[in-house]
Every structure is written in structure tokens, then in C-alpha cells.
There are 2 protein chains.
Amino acid sequence: MKLRIDYNNMLTHTIGDEGITQATLDSLSPAILAANKNMEEKRKAGKMAWRDLPYNQNEIVEDILNYVNEMKGQIEAFVVLGIGGSALGPMAVQQALNHPYYNELPREKRGGFPKLYVVDNVDPERLVYLFQTIDPTKCLFNVISKSGSTSETMSQFMIIKQQLEEKIGIEAARKLIVCTTDAVTGNLITIAKQEGYKHFYIPSAVGGRFSELTPVGLLPAAFCGLDIKGLLEGAAEMDKMCEASNIYKNAAHMYALLHYIGMTTGKNISVMMPYADALKYISDWYAQLWAESLGKQFDVNGKTVNVGQTPVKALGVTDQHSQVQLYAEGPFDKIIVFLGVDEYRETITIPKTYGDMPSLGFLGGVTHNNLIQTEQAATEYALTKANRMNMTITLPKVTPQTLGQLLYFFEVATAYAGELLNIDAFDQPGVEEGKNATYAMFGRPGYDTKKAEMDAAPAKADRYII
Amino acid sequence: MKLRIDYNNMLTHTIGDEGITQATLDSLSPAILAANKNMEEKRKAGKMAWRDLPYNQNEIVEDILNYVNEMKGQIEAFVVLGIGGSALGPMAVQQALNHPYYNELPREKRGGFPKLYVVDNVDPERLVYLFQTIDPTKCLFNVISKSGSTSETMSQFMIIKQQLEEKIGIEAARKLIVCTTDAVTGNLITIAKQEGYKHFYIPSAVGGRFSELTPVGLLPAAFCGLDIKGLLEGAAEMDKMCEASNIYKNAAHMYALLHYIGMTTGKNISVMMPYADALKYISDWYAQLWAESLGKQFDVNGKTVNVGQTPVKALGVTDQHSQVQLYAEGPFDKIIVFLGVDEYRETITIPKTYGDMPSLGFLGGVTHNNLIQTEQAATEYALTKANRMNMTITLPKVTPQTLGQLLYFFEVATAYAGELLNIDAFDQPGVEEGKNATYAMFGRPGYDTKKAEMDAAPAKADRYII
């Protein structure tokens, strides 16, 4: 089973002058060749270590599975303390492959696996409410931070560690904390070794938003009973498919190229619209990957470019009743990507109840499977008729393998788009300013200059506050 | 307690040439006067019936509360069958005012109120999985459709009605279905009367996305124990604040004006970024309101305009680790609205655990309340320094009253933006094409011409499928 991509509706033969011409595609051959070359060179130079993840983790997977086996019976919930890539990937995979009401099911319907919570914010209500819901002494807390200096995650860890130690003592608390972090640098590996926490490593050359297929994502998935070997197998399958140098045979590269062309012609919005509840959080995960990788001020030569495409999360058919009015009639400023599924995991049929009512009669005997797929096709038709750029990625079925393919597909597409844009897709310099301002406001030593700069910023006028 | 809006960072004195000048604001006086006049006239002509909702529902509220009182002990869950505005409003209010793990709490911690589920998609897995989680014969199903012809909602209703009648008989099933629909037209009111279902009305002049303060939103909220009178009181407070003709004293009108100016100068994206988990789904509700109201092909004179701003949902601080890189460094194409909270409902303090580690030590003794607010201020600082248009709406605290203010604020702002854009903010002609295509594909009588049109559409080429 492999995913397929249909990009007919990006081209002039379906959407007229709003589409991309064959001549434009042909004219970009030099850029494609250059991007191919850069991708290969970076991979050889070890700068795309995430591409090796489908192949080099056999021992890690065994370690994870053994650990899950040892711990799962001892805990009621597995709690991820992470933010950004450390939260979005685990949530997307859980939503895709597990029961949508997983935490509400009795344990036997969860295959004996613990509940999953992902605590990805420092809203003070979050932890308080969580501890009104579950007993922290019956949870395993997975602290995920590559640098070990993520304020949000580390502060949650500090709060929980104290609570656990007060309630059950240092020895027992130690067993309820597991760290996922860099093997060498940062506070968290120091702490983990010092205090004797079980820990897993994030390869130092793999960035947060490309880390779902490391223990960052594999450990939570395994604790929820998901097939992590299948995920990696799917990623390996997609890796093979992404080796084609002919762009017409390389779906991920073509996805990037078409979006690149869109970006250079006023399509500054990338809508991801799955027609499956299971794939809803793929849009959230993709939003980080695409936004943080491609939203850059400078190109690799230091030239100011201010590029990037803003990801928008939608859900079919739900958002036909929320967003499609805008997509069909608003500005010609977006590329809409439908994520479809050939075969859903369940079937449900509408009874022939109101045969005499025109707007209801036609539904009798139809399955929801048919209804959702027909509405997807109808929305595609309507947007195409309105000359809106759109394309469709279809999974034969949502399985660990096809999900692994999909995640890896978007990672390769993002990296390739970075090459076409001539930017560094793997850094995030733009978040430093906010971090430094936070440190300055808390009076952290070494941030006096920043504090002075902030104090000197233009004052707010009361008359612009209502 | 009233919400306040701070728009300093939309103006040149903080963000330089990327900002709006006082001269621009002054030059728009005629447009502001015209918009004020149109708003008043429409209100008088009964075309903004949603503005009367804070005042004219005393009897309806009593009916709702009595019904909740009668039914709440008899059911384990209240299930909304609705899509678009019929789902987004109820979810946003529940998330804002109730416990975030509401459904997982034991009944006594829910004040004796039932669980809440909102089934807003026709993914065939959705209903199957829901019925693996709860027993449908212990639920009250709220079918919400003004027209009574919403395929998704009505098909769900038909499935559930059949299941209930098979399991517990027609008489008992009747008590477990409650309809919210138009008082006169459509299938659902016909069905409700014919089959004897309890029903509530959506005023015919109130459209779906402006219907949260009708029984569409009030009934689910009341069934979850929320203070619906408080919601309406808050809306009434905001209504008074929105009467000011001086735009510098009218927050909702100013919000619309600033976004309107943004739209005319390349800001085609509206980011809503609450710094509170409780307000997360306000962004989803706002996304429909803003997108569907303002995304229009034609202005009121029939001129092609293709206007509209694409709403983007973000969450602080979480999305600082996902989207802020793009917001700070990408194109100058968005307005970022922070939604802040002065006082959270809980407090939690970080212990002084790692005083000797520079990147952790400063956190010791800090509350998460202080951390989230400081990060919000730091992100605001960073984006302002990068000359990005941003503004902040602050709620003193999230309560039924302030939430009512906020919902009503955005409704007025949306309507006013529609006047400035000179479009009809209350229709949605762009969704008809997809609906008709769906009917045609199902062979619904009367849609032969559409079917023929679809068959004649440009064919897809296999070579553009990978």
C-alpha cells in the first residue's frame, strides 16, 4: 500500500490561467537539478540525519518495547511533557492510529495500555486540572527536551518531580520519570544521569520538528500499543520512493516544487484539509514543520527574503461549513491540499427513513463512507471550477505503514522546498528574540542589555487602548 | 469586568513603516460614517436580529433551564449533532468555561451534569467509535439544523433514530431526541412536530455563524451546567459598548477598521492566538465567523472583489514552538491577535530545584501564571520589534460574562468589517456549488444538469498522479 498524490488541479488544464503551465515546470529544470544535488550532498554530509531514522534504530526500538513491557502494567497514564515537535508528533500519531476516545475507554479496551496525556502548555490551569483527573503517582512522565533548557517543559518537570517526591519519596518517584534528550549536551541529560532516570536519546543532528520518528514519537506511541516498527517501515518505503531524480516520479519533490511555484506567485497560504478525523492532527504537525522550516528572513547567502507560506488547518467535511466559502470566493492566495482515505476502518449506513423528503430521501441507503468521499470529490470539483489551486494526497487506508509514509513524505517535501527557496530549513533563529525577552523580563543574569533595550522600546499610548 | 483591546502595535509609532498612520485613520472617516449608518439601518430593518439576542430570550432561557432540570438526571451524555456554527460555538463555550477533562471526571465532579459530545463530521469511524464509548440509549441527542436539510447532521440523526427505536422502542426513543431548528420552514421542524420531539427555535433572521447565543449554543451549555444567563448578560454589556459612534471608543468597530486597512494593504491572514487553553476553541469559532462572513466574490453592487482574510488558529505559548518563527521572519502578510487573560482560575508555582543551572535557575519560585504572561509579553515584544502588526485583547478573567462579551465583540466586528468591505457578511453563496455537486453525484432528482456539467469537466491526466 502506498500513498498517491494527484496534482492535476494545480495545472492550467483544469484551472485555467490560475494554474501552472508545463512551460513553467520545464523552465525550472535547473532549479530542480540544483535542489536534487543539494539534497544528496547534505545527506552524504550527515546534515539530514533524520533520513537515516527508518534504518538505524533496531536496538532503540527493542529498548523501547522492553521498557514499555516492563512499565505498562505499573501505570495508569503516560504523560508527555513536551512542546512543539515533542508534542505535535505524538498527538498526531495517537489520533491517527488509536481510538478517538482512547482515554475514556476501560483499560481492557485499550489493550492493557495506559492512557495518554500531552501537556504542551504552561497555562497554570493545565496541570492543576490534570491532577484533578488523574493521580500523578500512577503516571509515567516523559520529559522531552533536546536542549534541556525548554522553559515550559522543564518547569513542568520541576513541579511534578517535587510533587512525586513529596508524595511517594525519591526512590519511587525516580521510576515515574523518563527523559528523552540529547546524549551529551544540556541540562536534561545531566539531570537524568545524576538522578538515575531512564532516558532515551534524540540524535544530535535531528531537529525537533523532524524528530517524530526518534524516541520523541516512538516511546509515546509504543506506550499506547501502536506498531512503531510499522511506522518506521512505512518511512523506509517512502524514502525509497523519494530517491527518484525525475521529479514526475518523486511525489515529495513535486509537492515541494508546486508549492514553491505557488509561493512565488502570491499563494502565501497552504491549507491542509484531511477528510478523516484520524488525520486531523496531521495538519497541526504539518503546520509546525512547514511554518518553522520555511518561514525565514534570510536566504543561505544572507540576503533578506522574508519567505514562507502560512499553514492553515482544516478538516473535511466539517470545515466545508466554516472555511470553504472563503476558499471558493476569497482571494486567490492559497493552495488547498486534501488528504483522503480510500478505505475507512468502519462502515455505517444511513437508513431509508425519509424517502419522501427531497433533501433527505437521496441519503437513504448511502454509507457515511460514501457520503464523506463524495463530499470530498464535490468540494474538489467546486474549488477546481472556481480555479483554485488544489491537490489530493490519498492514503489507501490509515495504518502504521501509510502513516509512516505520510510523515516522511512531508519531511522530505519540506526539506526540498527549503532547497528551492535557497534557505536553511533546519534552523529557527526567529524564536530567539522572544526567548531572550522572556529571560530579560525574569532578570536572568546576562540579559541586562536586552532588558535595557526593552525598557527603551517605544511606549504604548493609552489612547490606543479601549 | 470588561475586556479591553490594545492596538498600539498596529500603528507606526511602534512598528514603523509597516504600521498604520494617523493620517490613514483620519482619511477613513467617511467610510466609518457610512459603515455606522449602514449598521444602524440594518439593525432597525431587522437584518441583524442576532443583536437582539441578549435581550429577548427570557422565556427561552427558562424553557431551557426547566428542560435541563427535567432531563439531566436521566442521561449520561448530551450529544450535539451539528456542523459549522452548530458545533463550533458549543465547543468553544464548553472549553472556555468547563473543566478541560470534563468527560473524564466522575459525575459528581461534573455537578451531576451529563458528559458532552459534539459529532460534527460524517467520518464513518466517528459514530461507530462513539457508540463503543457510550451507550446511545443513555444519551440525549440534540439535532441542530436550521434548514433541516444539512446532509451531515440529518444523516446522523437518521442513523441514531433507527438505532434507538430498534433498541428501546419508538416511545422511549422520542424522549432522547431534541431538535433545534427554524420555527416554520424545513424538514426538521416538520419531523419534530410529526414525531413529537421536544424542540427549540433558531430565529429565522439569525444565521448559523451568529447563532451561538440562541438555543443552538445555550442548550448544550445549560446541559453542561454553565451559566447561560451570564453569557447573555456579557453580550448585553458588549452591545452597549458597541453603540459608540466614535470609533476610538468602540473596540469592535476599531478591530474591524484595523483589519480592513490590513486587508487592503496585503495582510490577507488573521491569526488568533489565545494565551489560555480555555480560549483555544474561540479561534475555531472565530475562524468560521471571519472566513465565511468576509470571504466573498462580489460586493453588494455585484462587482467582483474576491475579498476575505484567512483566519489562522494558534495557541500561546504552545505555538511559539511552531508558528512564531514564521510570524517573526516570514512575509509581512498577517495581523496577529493575542487573546490574553489577567487572572487565571488556578495558580501553580515552580519549585527552586535547579538553582545552579543558568537556564533553569531563573524559573525557581516563578508561577506558571507569571511564566505564560511573561512569554506573551515577550512574544508581543519580539513581533513588534520585527515590525509585525499585532494587537491584544485581554479578558480580566474567563467567566460567562466576559465570554459573552468576547463572542458578541467578534460578531459586531465581523459585521462592521463586512460594511467596510461593502459586502454581504451574512450569506454564503460559495458553498452551494459543492452541495449541488454532491447532490448530482448521488443522482438526486433535479440535478441532472449539474451531473452533465460535471461529466463534461476537464479530465484528469494520469501523468499528473504519482
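## Exercises on a predicted two-chain model

B:D239 and B:R51 are both buried, where buried means under 20% relative accessible area, exposed over 50% and partly exposed in between, with a 1.4 Å probe and protein chains only. The model is predicted, so that local features need pLDDT of at least 70 and side-chain atom pairs count only at pLDDT 80 or more, while totals for chains, interfaces and linings use all residues. Residues are numbered from 1 along each chain as its sequence is written, chains are lettered from A and ligands numbered from 1 in the order in which they are written, and side-chain values use heavy atoms, with hydrogens and water left out.

### Exercise 1

Determine what joins B:D239 to B:R51, and which parts of chain B the pair ties together.

Step 1. The two side chains meet in a salt bridge with an N to O distance of 2.9 Å; a salt bridge is a side-chain nitrogen of Lys or Arg within 4 Å of a carboxyl oxygen of Asp or Glu.

Step 2. B:D239 lies in helix 10 (residues 228-241) of chain B, and B:R51 in the loop between helix 3 (29-44) and helix 4 (58-71) of chain B, so the pair ties together parts that are 188 residues apart in sequence. Helices here are DSSP runs of H or I with at least four residues, strands are runs of E with at least two, and both are numbered from the N terminus.

### Exercise 2

Describe the surroundings of A:D239, and state whether A:D239 and its salt-bridge partner A:R43 are buried or partly exposed.

Step 1. A:R43 and A:D239 form a salt bridge whose closest N and O atoms are 3.1 Å apart. This pair links distant parts of the chain, since A:R43 belongs to helix 3 (residues 29-44) of chain A and A:D239 to helix 10 (residues 228-241) of chain A, 196 residues apart.

Step 2. A:R43 has 25% relative accessibility and therefore counts as partly exposed, whereas A:D239, at 1% relative accessibility, counts as buried.

Step 3. Leaving aside residues up to four places away in sequence, A:D239 touches A:R43, A:R51, A:Y55 and A:Y408, contact being defined as heavy atoms within 4.5 Å.

### Exercise 3

Work out where B:D284 and B:K313 lie in chain B, and how accessible each of them is.

Step 1. B:D284 forms a salt bridge with B:K313, with the closest N and O atoms 3.1 Å apart. The pair links distant parts of the chain, namely helix 12 (residues 282-294) of chain B, which holds B:D284, and strand 10 (residues 310-313) of chain B, which holds B:K313, 29 residues apart.

Step 2. B:D284 has a relative accessible area of 15% and is buried, while B:K313, at 21% relative accessibility, counts as partly exposed.

Step 3. Over all chains, the count by this rule comes to 54 salt bridges.

### Exercise 4

Classify the ring pair of A:F157 and A:Y197.

Step 1. Rings of Phe, Tyr and Trp (its six-membered ring) pair if their centres lie within 6.5 Å, and planes under 30 degrees apart count as stacked, over 60 as edge-to-face and the rest as tilted. The structure holds 46 such aromatic pairs over all chains.

Step 2. The ring centres of A:F157 and A:Y197 are 6.0 Å apart and the planes stand at 90 degrees, so the pair is edge-to-face.

Step 3. A:F157 lies in helix 7 (residues 151-174) of chain A and A:Y197 in the loop between helix 8 (187-195) and strand 6 (198-201) of chain A, so the pair ties together parts that are 40 residues apart in sequence. Both A:F157 and A:Y197 are buried.

Step 4. Elsewhere, ring pairs link A:Y255, A:Y286, A:W290, A:F409 and A:F410 into a cluster.

### Exercise 5

Characterise the interface of chain A and chain B by its residues, area and salt bridges.

Step 1. The contact takes 153 residues from chain A and 153 residues from chain B.

Step 2. About 13,500 Å² is buried between the chains, and carbon and sulfur atoms give 61% of that area; buried area is the accessible area (1.4 Å probe) that two parts lose on being put together, summed over both. A:F442, A:Y464 and A:I466 supply 7% of the area that chain A buries against chain B, more than any other three residues.

Step 3. The rule finds twelve salt bridges across this interface. A:E380 forms a salt bridge with B:K460, with the closest N and O atoms 2.5 Å apart, and A:K385, B:E433, B:K450 and B:E453 are linked in a network of salt bridges.
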